[in-house]
Amino acid sequence: MNQEQTTGRSFRRPGRHPLVDRTERTTVGQTTVENPKMSCRDVAVYYDSKKAISNITLDIGYNEVIAMIGPSGCGKSTFIRCLNRMNDTIEGCLVTGQIFMDGKNIYDNDVDVVPLRAQVGMVFQKPNPFPKSIYNNIAYGARIHGFVQNRDETDELVEGALKNAGLWSEVKDRLEMPGTSLSGGQQQRLCIARAIAVNPEVILMDEPCSSLDPIATAIIEELIDELKQNYTIAIVTHSMQQASRISQRTAYFHQGDLIEVGSTDQIFLNPLHQLTEDYITGRFE
Ligand SMILES: Nc1ncnc2c1ncn2[C@@H]1O[C@H](COP(=O)(O)OP(=O)(O)OP(=O)(O)O)[C@@H](O)[C@H]1O
């Protein structure tokens, strides 16, 4: 008797697990990790009365790159904006559930969002340097957060952040030029340097390469690979190739639900849920 006859379920291919039904929206895969940097429990977000994401339970491990993928409008950006309370800035937006960082709920009343947003930095889809010099793009936040007291300390911090973002050699002779005078890819690395300068532990990236050409994209991807040694990174991407190149874990979202989480290899080679398989095989975008 073969496996199909014993279980009464149909298998797609010999040796493959049966896929979870399309209609089942409970998250499948490994949502928890042994030593989480951040832990989300039953997170839901409403824009006025409209629920955008629901029941998201997911751990993000120390020094991992986790990719958020899924069709347009499925809630990827909404979810990562919960991780540093950026949604608080949107009128009518309500976040429910719990999000812990190192065991502390970042939605507790006693949490100050200003240092939180330095600890959990964010890089956006379009590079958005301040209308300031390259130097002051980096120095500004560090001064506000009190990380530097004098010019020597500031010089050192600016150089360190630009080196960590792989930009120093390209800009060291023009630090007083406007940040906006750089190319798109350089501007995005400047924004990454700006996030690094305020000593983050987690960096959120919302489609950071979507406005960049393939060469600038490859440079940012290499940078992300280096940054994961020191930071935890959650990245939203529309590119499955990018997710598979840079992330260790992948979370697949669909219509506001977290459908599946797993190692990136498993998600792309052996998904458990029918909806994940439909997406990665291009059945819908
Ligand atoms: N500021 C907002 N006000 C009202 N609704 C919003 C707002 N931001 C997002 N939404 C809605 O929430 C849902 C999820 O949107 P979100 O931008 O998080 O999805 P996404 O997966 O990141 O999409 P995309 O890949 O297109 O960027 C969508 O229905 C969207 O219209």
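What does the pLDDT of the protein chain average, and what share of the residues score at least 70?

1. This is a predicted model, so confidence comes first. The chain averages a pLDDT of 92, and 94% of the residues score at least 70. As for the model scores, ipTM comes out at 0.98 and pTM at 0.92.

2. Mind the start of the chain. Residues 1–12 have a pLDDT below 50, and this stretch makes nine contacts in the model beyond near neighbours in sequence. Where pLDDT is low, predicted coordinates should not be read in detail.

3. Now to α4 and α7. Helix α4 covers residues 134–144 and helix α7 covers residues 184–197; their axes lie 8 Å apart at an angle of about 25 degrees. Angles under 35 degrees count as roughly parallel, so α4 is roughly parallel to α7. The crossing of α4 past α7 is right-handed.

4. Who touches whom there? On the α4 side we have I134, N137, I138, G141 and A142, and they meet L190, A193, R194 and A197 of α7. By type, that contact has six nonpolar residues, two polar and one charged.

5. α7 also packs against helix α8 (residues 214–227), at an angle of about 20 degrees and with the axes 9 Å apart. That makes α7 roughly parallel to α8, and here too the crossing is right-handed.

6. For the α7–α8 contact, α7 supplies G184, G185, Q188, R189 and I192, while α8 brings A216, I219, I220 and L223.

Terms used:
Residues numbered from 1 in each chain as written. Predicted model: local features only at pLDDT ≥ 70, side-chain atom pairs only at ≥ 80, totals over all residues. Axes fitted to C-alpha atoms, helices over the stretch in contact; angles between N-to-C directions. Helix = DSSP H or I, 4+ residues; strand = E, 2+ residues; numbered from the N terminus. Parallel < 35°, antiparallel > 145°, perpendicular 65-115°, else oblique. Left-handed = near helix turned anticlockwise from the far one by under 90°. Contact = placed C-beta atoms within 7 Å. Nonpolar A, V, L, I, M, F, W, Y, C, P; charged D, E, K, R; others polar. pLDDT = per-residue confidence, 0-100.
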